[in-house]
Amino acid sequence: MTEPVKGPASYFPSIESKHGRPIAEWKELIRSSPLTRHMELVSWLKAEHGLGHGHANALVAHTLAEDNGK
């Protein structure tokens with residue numbers, strides 16, 4: 001039996017469904033941004049791409065954790 005997805009990744013299916021972009025594309029946008037701080041990136045995703053706070057926060061948290069090897 002598979003464990004349910006927990007943490008930020010649990011938001012990924014609804015992010016893709018609601019915003020029509022694959023998660024890999026969102027991560028690339030985050031990585032290509034000149035912004036580096038968590039909340040700056042969250043605010044940017046909300047203002048420029050129309051994401052809600054939870055979705056933006058999940059994408060940024062997961063992407064930064066990946067990039068920091070966590």
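User: What percentage of the 70 residues in the protein do buried residues make up?

Analyst: Burial is read from relative accessible area, where buried means under 20%, exposed over 50% and partly exposed in between, with a 1.4 Å probe and protein chains only. Here buried residues make up 26% of the 70 residues. This is a predicted model, in which local features need pLDDT of at least 70 and side-chain atom pairs count only at pLDDT 80 or more, while totals for chains, interfaces and linings use all residues. Residues are numbered from 1 along each chain as its sequence is written, and side-chain values use heavy atoms, with hydrogens and water left out.

User: How many helices and strands does the protein have?

Analyst: Helices (H or I, at least four residues) and strands (E, at least two) are read as DSSP runs, numbered from the N terminus. In this case there are four helices and zero strands, which gives the pattern α-α-α-α along the sequence. The radius of gyration is 12 Å, close to the 11 Å of the globule rule for 70 residues, so the protein is as compact as a globular protein of that length; the radius is taken over C-alpha atoms, and the rule is 2.2 Å times the number of residues to the power 0.38.

User: How many salt bridges does a search of the whole structure find?

Analyst: Side chains of opposite charge can pair when their charged atoms come close. The criterion for a salt bridge is a side-chain nitrogen of Lys or Arg within 4 Å of a carboxyl oxygen of Asp or Glu, and the search finds four of them. One of these joins R21 and E25, whose closest N and O atoms are 3.0 Å apart; R21 is partly exposed at 27% relative accessible area, and E25 is partly exposed at 36%.

User: Which parts of the sequence does the pair of K27 and E66 tie together?

Analyst: K27 and E66 meet in a salt bridge at 2.8 Å, N to O. K27 lies in helix 2 (residues 23-32) and E66 in helix 4 (residues 53-67), so this pair ties together parts that are 39 residues apart in sequence. K27 counts as buried at 10% relative accessibility, whereas E66 is partly exposed at 39%.

User: Which residues do salt bridges that share partners join into one network?

Analyst: R31 also forms a salt bridge with E66, with the closest N and O atoms 2.6 Å apart, and through shared partners K27, R31, E66 and D67 belong to one network.
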